[in-house]
Each structure stands twice: as structure tokens, then as C-alpha cells.
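Welcome! Let us take a short walk through this model, stopping at a few places worth a look.

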Amino acid sequence: MKVSPSLLPILRSRMQGELLALVLLHPDREYSITELAAEVGVTPTAVLREVDRLAGGGILADRRVGRSRLVKARTDTPLYRPLSELMSVSFGPVPVLTDALAGLEGVERAYIYGSWAARYNGEPGLPPADVDVLVVGAPDADALFDLAEEASRRLRREVNVHRVSAAAWEARTDDPFLASVRERPLVQLDLDLEAQ
């Protein structure tokens, strides 16, 4: 029996939530099936089945360009706004924080930890009240503060960013904060820093 995702148990799977968050929170962008599969970490066949259902229900729009099938959010239906808000507060932290941190100089890696990461990894519980982010590197502190404020506004919940140097993150340490973060579920953000 499939287990519904803890972040939004009305969905059938975490993949469905990730796909909806990615597409609905980037309403101006079109994705190929291959891109979506790579972004959510499943096979193109699995994405195609989900896209067929969502396009059939009027949530996504699709078109063919040559042999490719391009998919985007349908923003012209009554479902778009409430559904995108729901995806923002449930599965939104990954696409929103990935977008924000990928462009920030000095960021080497980033992780979501705490209760949101636990729910994302299937741990049951109440919806997280905030999102905790660990940034590894040496980005500007003011820029990180501004980023957290903007992310909080977009995600409709507090985003707490903690910065740590790469040396401190990689070292063996007795620091209780780092030990606690390492022991609990982490969600690494795919910042694709080499592409910048």
C-alpha cells in the first residue's frame, strides 16, 4: 500500500507533490518530461503518467514540439491559485529555496533540516511551523537575511537560515547544534553550482 506524503496527506505520493510544486510555482516556465523526471528523481514514464492525469484534470497544459512534450501550469482556471498556494506551503521549500540560494555568491551547499525535512522524509506529525535551512559556505549575512525574509513571504511561514563554514560542516565536532542537524533527516538542495 502506498503511503501518502506527510507534508500533504491528501496527495497520492511525494513525487506528485514535488512535481506540482515545481510546475505550479514556476507558472511562466515550460518543462519537458525529461526535465521533470530529472528534477523529481523518477523515470520519465512515471512523470508521463502523472502529467496525463494532471493535464486531463485541467491542472497542467501540455503541447508537442517535435518529439518533445512540453508541460506548464494552467493559470487560467479557478484551481490554479488555491492549488499553487497549497503547494507553496507544503512542498514549496525545495523549489523556492533552490531558486533563491543557487544565485547567491559564497554558497557551497544547502540543506533543509528540522521538522520540515522530517515530514518530507515521511516522519508523521503536524505541519511544520517553520522551515530551517543550513547554508554551508560564506555568503553575505545581510543577503542571507534578505533571502530568508523573501522566502518566508513566499512560503507563508518563517524561514530560519543558519550559516556554517565548509570547514566546520566537514569537521568532526562536538558542537551540539551541528551534531543535532546531522542526526536528523536532511534534504539537500540541488543548487547546480557548477552550471553558474
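Where is the place of Thr 98? Thr 98 sits in helix H5 (residues 93-102); helices (H or I, at least four residues) and strands (E, at least two) are DSSP runs, numbered from the N terminus. Before going further, note that this is a predicted model, in which local features need pLDDT of at least 70, side-chain atom pairs count only at pLDDT 80 or more, and totals for chains, interfaces and linings use all residues. Residues are numbered from 1 along each chain as its sequence is written, and side-chain values use heavy atoms, leaving out hydrogens and water.

Thr 98 counts as buried because its relative accessibility is 16% (buried means under 20% relative accessible area, exposed over 50%, partly exposed in between, with a 1.4 Å probe and protein chains only). A polar atom of the Thr 98 side chain lies 2.6 Å from the backbone oxygen of Val 94.

Now for the sheet. Three strands form an open sheet in the order E1-E3-E2, with antiparallel pairing (two strands pair if DSSP finds at least two bridges between them). Strands E1 (31-32) and E2 (60-65) stand at the edges with a single partner strand each, so one side of each has no neighbour in the sheet. E2 and E3 (residues 68-73) are joined by six bridges, and Leu 60 has Ala 73 as its bridge partner in E3.

Helix H1 (residues 14-24) lies across E1, E2 and E3, at about 80° to E3 (axes are lines fitted to C-alpha atoms, for helices over the stretch in contact, meaning heavy atoms within 4.5 Å, and angles run from 0 to 180 degrees between N-to-C directions). H1 is mostly covered, with ten of its eleven residues buried.

The structure holds 13 salt bridges (a side-chain nitrogen of Lys or Arg within 4 Å of a carboxyl oxygen of Asp or Glu). Here are three of them:

| Pair | Closest N to O distance |
|---|---|
| Glu 30 and Arg 63 | 2.7 Å |
| Arg 69 and Asp 62 | 2.6 Å |

Arg 12 lies in the segment before H1 and Glu 50 in helix H3 (residues 44-56), so this pair ties together parts that are 38 residues apart in sequence. Glu 50 is buried, at 2% relative accessible area, whereas Arg 12 is partly exposed, at 33%. Arg 12, Glu 50 and Arg 53 are linked in a network of salt bridges.

Methods: Polar contact = N/O pair within 3.5 Å; in protein donor to acceptor, adjacent residues only side chain to side chain.
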